[in-house]
Amino acid sequence: MPGAGTFRADLGASVVVALVAVPLCVGVAVASGVPAELGIVTGVVGGLVTGWFRGSALQVSGPAAGLTVLVYEAVQAYGTAALGVLVLAAGLLQLGMGVLRLGRWFRAISVAVVHGMLAGIGLVLISGQLYALGDAEAPGQTLAKLGGVHGLAERADWAAVLLGAGTVAVMVAWQRAPARLRLLPGALVGVAAATAAAALLRLPVEKVRVTGVLDAVSPPAWGDFGVLASVGAVGTVVALALIASAETLFSAAAVDRMHDGPRTEYDRELIAQGVGNGVCGLLGALPMTAVIVRSAANVEAGARTRAARVMHGGWLLLFAVAFPQVLQNVPLAALAGVLLYAGWKLLPVRAVAALWRTHRGEAVVLVVTAGAIVVTNLFEGVLVGLGMAIAKAAWETSHVHVEQVRDGQELCVRVVENASFLRLPKLLDALEALPHGQPVRLDLSGLRHLDHACLTALEGWERTRRPLPRREGVT
């Protein structure tokens, strides 16, 4: 019966996705500076709440490494109690954007900026997790973390380093394992191996601290909403909403290319993410976004409907309620290894090389965006990247050419393409180089665009010519 076959496929896929999600949920929570259980809570909401919506059938949502940096900065600035308020506000903003049908506009964001954002997040994530790998205290700023890496060897706990490095090695090697074995995710296998090694060898390394899911859930109080009076907090809300939405919709485009089922309805998916983040905010949990790792695992495991992602949320809830003590045995270094690997995967090395060969301007935008995120923060770095991409696009579309054609004693000067203030120096240099003392006819009919600055400059140039040249119409 087709219905039974579909259910079996979705059930099997849901188990695989849940196994992929567990170490990522816990690792992202720990790296964000919040209790590990809150990552599980966000994963549960991503399945049991967001999973019901029809926006994207096979895309799976939960806490993502891409938001780790922003959440950590928010927790450090405003405290864990305010996190729920920020996530709730971001969810409402996403919901509003979905209702206003703004989801499709996220596809207009420069790919170079998106790759740069992911690269910046990867660099920040790696710089922080190198310290967690060695159970060492990390400096506050990313530049300080990068500058202190050379002295990390003297302070690192080498037992923890070996556990973390072993986790990464298992994840890399697991990609070459037989297909049957790869049904188990490499991250889970690596963390399990490190946990077993730490237990058998009784290594004195830092481990995950667990208080219980119900104890970790902390809905925001009325007094916590006062944080929204801060301009910085509002900026964090906007950044959470925009970055989570962009990551979700770019992930949706990638997932759509992996299967032949229904295509993503972008506005519906944005509404689903808004509702999910609203619920996460009410529970005081981490923000969510669609996660390409889980989504790809869902498709590859044979999921056919959105029931798979709903059931994955149920498996996460069962794990968090029935086996919370398991998390207490997980070394932090193993989770750091998982996030180091995730951070490395975010670095678009091939994309930079390809762009440098074909579109060097795009490669520069990518690198500048990543560098700005490392030097400042995620929100400001993305704004720098967007500003540079817009400036680059404006410069490249403002081409103007001056053509000279002699018609008897008269020189016809034809200006074509786009005359904007960005190319005004080039335009004036070309006009002022024309020979004096002969009739000149200025033809602007080939212009597609003529802004006020260029029009004023051309009129001024005309007044310097004797006699005044005759101008033809502008189209």
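Tutor: We'll go from the overall picture to one helix and then to the charged pairs. Keep in mind that this is a predicted model.

Student: OK, how many helices and strands does it have?
Tutor: There are 21 helices and five strands.

Student: What box do the C-alpha atoms fill?
Tutor: Roughly 95 × 60 × 55 Å, taken along the principal axes.

Student: And how much of the protein is buried?
Tutor: Of its 475 residues, 50% are buried.

Student: Let's pick a helix. Which residues of α20 are buried?
Tutor: Helix α20 covers residues 424-432, and its buried residues are L424, L427 and L431. Seen down the axis of α20, they fall within an arc of 65°, so they line one face of the helix.

Student: New topic, charges. How many positive and negative side chains are there?
Tutor: There are 36 positive and 31 negative ones. The centres of the two sets lie 7 Å apart.

Student: How many salt bridges does that give?
Tutor: The count comes to five salt bridges.

Student: Start with R101. What is its partner?
Tutor: R101 forms a salt bridge with D267, and their closest N and O atoms are 4.0 Å apart. R101 lies in the loop between α4 (80-99) and α5 (111-133), while D267 lies in helix α12 (residues 266-283), so the pair ties together parts that are 166 residues apart in sequence.

Student: Is D267 buried or exposed?
Tutor: D267 is buried, with a relative accessible area of 12%.

Student: What about the backbone of R101, what is its phi?
Tutor: Phi of R101 is near 60°, a positive value in a residue other than glycine. E417 also has a positive phi, about 75°, and it is not a glycine either.

Student: Where does E417 lie?
Tutor: E417 lies in strand β4. At 23% relative accessibility, E417 counts as partly exposed.

Student: Back to salt bridges. Which residue does E265 pair with?
Tutor: E265 pairs with R268, with the closest N and O atoms 2.5 Å apart. E265 is partly exposed at 36% relative accessible area, and R268 is partly exposed at 38%.

Student: What happens between R414 and E403?
Tutor: Their side chains meet in a salt bridge, 3.8 Å from N to O. R414 lies in strand β4 and E403 in strand β3, so the pair ties together parts that are 11 residues apart in sequence.

Student: Which residues join them in a network?
Tutor: Salt bridges that share partners join E403, R414 and D443 into one network.

Student: Last one. How accessible are R414 and E403?
Tutor: R414 is partly exposed, at 32% relative accessibility. E403 is partly exposed too, with a relative accessible area of 37%.

How values were computed: Residues are numbered from 1 along each chain as its sequence is written. This is a predicted model: local features need pLDDT of at least 70, side-chain atom pairs count only at pLDDT 80 or more; totals for chains, interfaces and linings use all residues. Side-chain values use heavy atoms; hydrogens and water are left out. Helices (H or I, at least four residues) and strands (E, at least two) are DSSP runs, numbered from the N terminus. Buried means under 20% relative accessible area, exposed over 50%, partly exposed in between (1.4 Å probe, protein chains only). Lys and Arg count as positive and Asp and Glu as negative; His and the chain ends are not counted. The place of a charge is taken as NZ of Lys, CZ of Arg, CG of Asp or CD of Glu. The arc is that of the directions from the helix axis to the C-beta atoms.
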